[in-house]
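Subject: Structure handover

Hello,

Please find the structure below, followed by notes on what was found in it.

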There are 2 protein chains.
Amino acid sequence: MIKHVTAFSNPIVKATQRLRDKKHRRDAGLFLAEGLRILTEAREAGHLPETLFFTRTTADHHLVGALVDAVEAAGSDAIETTADILAKLSGKDNPGSVIGVYAEFLTPLAKMDRTSAEIWLVAERLRDPGNLGTILRTADAVGAGGLILIDDCVDPFSVEAVRASMGALFTVPVVKARWEEFLPWLRSGPGQLVGLSLDTDSDYRAATYSAPTFLLTGNEAQGMPDHMAAECDLLVKIPMLGKADSLNAAVATAVMAYEVLAQTRG
Amino acid sequence: MIKHVTAFSNPIVKATQRLRDKKHRRDAGLFLAEGLRILTEAREAGHLPETLFFTRTTADHHLVGALVDAVEAAGSDAIETTADILAKLSGKDNPGSVIGVYAEFLTPLAKMDRTSAEIWLVAERLRDPGNLGTILRTADAVGAGGLILIDDCVDPFSVEAVRASMGALFTVPVVKARWEEFLPWLRSGPGQLVGLSLDTDSDYRAATYSAPTFLLTGNEAQGMPDHMAAECDLLVKIPMLGKADSLNAAVATAVMAYEVLAQTRG
């Protein structure tokens with residue numbers, strides 16, 4: 001049903017605001033997503049918020065209405081509120097007209113069907129939420145089967161990661177796994193593990209990829225540890241012509257993923 | 001000379017902290033860069049800070065010493081301070097051992113030698129400082145001649161942009177120009193203007209690029225305006241296989257730039 005909340009002191013507002021903090025997200029199993037474009041993409045992918053905060057604006061009338069109707073039909077709460085409260089929940093000055101509180105969801109490794117896609121993205125100890133979200137956005141774009149987060153990666157449900165994913169968090173399966181789980185699973189079926197590395201002479205465009213390709217990106221500052229590199233079927237590098245020795249992790253992943261896509265699509 | 005500052009209330013500390021704000025940067029013509037890796041890269045590229053803040057740590061002893069020596073030799077101030085003050089100046093919990101205050105520098109459009117590189121990156125109305133810094137980092141990696149910022153782009157000297165550039169701000173020439181200046185300059189010599197667009201059927205890998213290629217990336221939310229697209233010699237798109245209709249702007253720029261690099265290097 002539609003409720004009306006206009007006070008910052010309202011307990012629902014306070015509880016929702018706390019979801020910006022990782023500990024509260026984990027305890028509640030909930031996270032925040034904002035903006036009409038992302039929430040509409042989520043709805044189309046079958047994800048409705050447990051609670052929807054919205055303001056009525058003429059410009060977005062139709063899509064906001066569709067969200068409110070879907071949330072009500074699902075028996076959840078749609079809360080009409082003010083732009084000030086939306087801004088407070090979002091942490092942005094201009095949060096748009098909707099914010100949704102969603103149940104966290106991850107896909108178990110065992111449920112991934114490796115034959116369903118030609119490319120899979122794998123990241124280990126990714127630290128930056130913007131990079132994680134951007135890699136999810138790229139995963140969607142290249143038709144990746146999913147993003148597998150190895151060991152201690154940043155929270156994919158952080159406000160920054162959700163924002164950078166531009167909705168891809170709702171359309172791309174995300175798996176969390178320890179390396180010790182991932183490696184036996186990978187080797188239990190077909191799959192070429194390709195690592196991005198600075199310590200190889202193999203140019204990424206000269207290499208040959210075979211689907212399903214699992215593209216492994218290492219930690220932003222350190223790259224992947226030697227024992228992971230040793231398990232890769234192929235290590236490749238992206239040429240660096242300038243002074244720096246590495247690309248941004250999300251950029252490097254995308255340059256690689258589009259090369260794999262071009263080869264595996266033929 | 002080396003000074004010692006340990007009080008947050010010190011006027012140099014307060015003035016430096018204000019450089020995190022765009023208005024103060026512009027008024028002072030100064031900006032902040034942090035981290036030993038970035039400041040060392042700056043030094044090697046010929047840029048020394050007007051003021052250097054540092055802490056003595058055993059791990060980084062040699063490179064910090066080299067920076068302090070260079071700053072003193074140039075007659076500027078090296079200020080030994082505490083980790084707490086560095087953290088306050090940086091806005092990060094773990095800012096590393098050095099922060100430098102640098103004079104802003106831009107390259108005039110007329111000084112760019114288009115024959116000096118095969119790729120040039122051009123961005124119009126770029127809004128996100130992380131994207132700007134990441135594009136600079138990519139520009140360095142692909143050996144671009146420079147980054148040309150068209151119309152109202154985000155400040156390349158913001159803390160976030162400098163950080164995301166990982167030092168490339170000091171190695172890649174940055175130009176600011178209005179479109180009305182850029183276009184006549186471009187047409188006064190050789191150069192293929194290539195625009196990234198969603199409104200074309202030309203796949204970016206099927207197109208042929210000829211150096212010097214000027215790669216134009218539009219605003220994150222809106223893409224480039226029609227009148228700019230109409231001036232492009234070539235419009236190309238990157239395939240999008242998923243639900244979303246666009247990539248992150250820095251990712252799209254990098255995927256394109258590496259394709260141009262592969263073709264122009266042969």
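Contact in these notes means heavy atoms within 4.5 Å. By that rule, 32 residues from chain A and 32 residues from chain B take part in the contact between the two chains.

A word on the source: this is a predicted model, in which local features need pLDDT of at least 70 and side-chain atom pairs count only at pLDDT 80 or more, while totals for chains, interfaces and linings use all residues. Residues are numbered from 1 along each chain as its sequence is written, chains are lettered from A and ligands numbered from 1 in the order in which they are written, and side-chain values use heavy atoms, with hydrogens and water left out.

The two chains

Two copies of a chain are related by a rotation about an axis and a shift along it. Here a rotation of 180° with 0.0 Å of shift along its axis puts chain A on chain B, with an RMSD of 0.0 Å; this is the relation of a two-fold axis. The superposition is by least squares on the C-alpha atoms of residues with pLDDT of at least 70 in both copies. Both copies use the same surface, since 100% of the contact residues of chain A recur in chain B.

About 2,700 Å² is buried between chain A and chain B, and carbon and sulfur atoms give 57% of this. Buried area is the accessible area (1.4 Å probe) that two parts lose on being put together, summed over both. On the side of chain A, the residues that lose the most area to chain B are Arg137(A), Leu241(A) and Tyr258(A), together 22% of what that side buries.

The rule finds 4 salt bridges across the interface of chain A and chain B, a salt bridge being a side-chain nitrogen of Lys or Arg within 4 Å of a carboxyl oxygen of Asp or Glu. A salt bridge joins the side chains of Glu259(A) and Arg205(B), at 2.9 Å from N to O.

The sheets of chain A

Helices (H or I, at least four residues) and strands (E, at least two) are DSSP runs, numbered from the N terminus, and two strands pair if DSSP finds at least two bridges between them. Axes are lines fitted to C-alpha atoms, for helices over the stretch in contact, and angles run from 0 to 180 degrees between N-to-C directions.

An open sheet of 5 strands in chain A has mixed pairing and the order β1-β4-β3-β5-β2. Its edge strands are β1 (2-4) and β2 (30-34), each pairing on one side only, and the twist averages 20° from one strand to the next. Strands β2(A) and β5(A) (residues 98-103) run antiparallel and are joined by 5 bridges; Leu30(A) stands opposite Ala103(A) in β5(A). Helix α5 (residues 83-90) of chain A packs on this sheet, where it touches β2, β3 and β5, at about 45° to β5(A).

An open sheet of 6 strands in chain A has parallel pairing, in the order β8-β7-β6-β10-β9-β11. The twist averages 25° from one strand to the next. Helix α6 (residues 129-141) of chain A touches β6, β7 and β8, and its direction makes about 150° with that of β7(A).

A loop residue in chain B

Thr107(B) lies in the loop between β5 and β6 of chain B.

Regards
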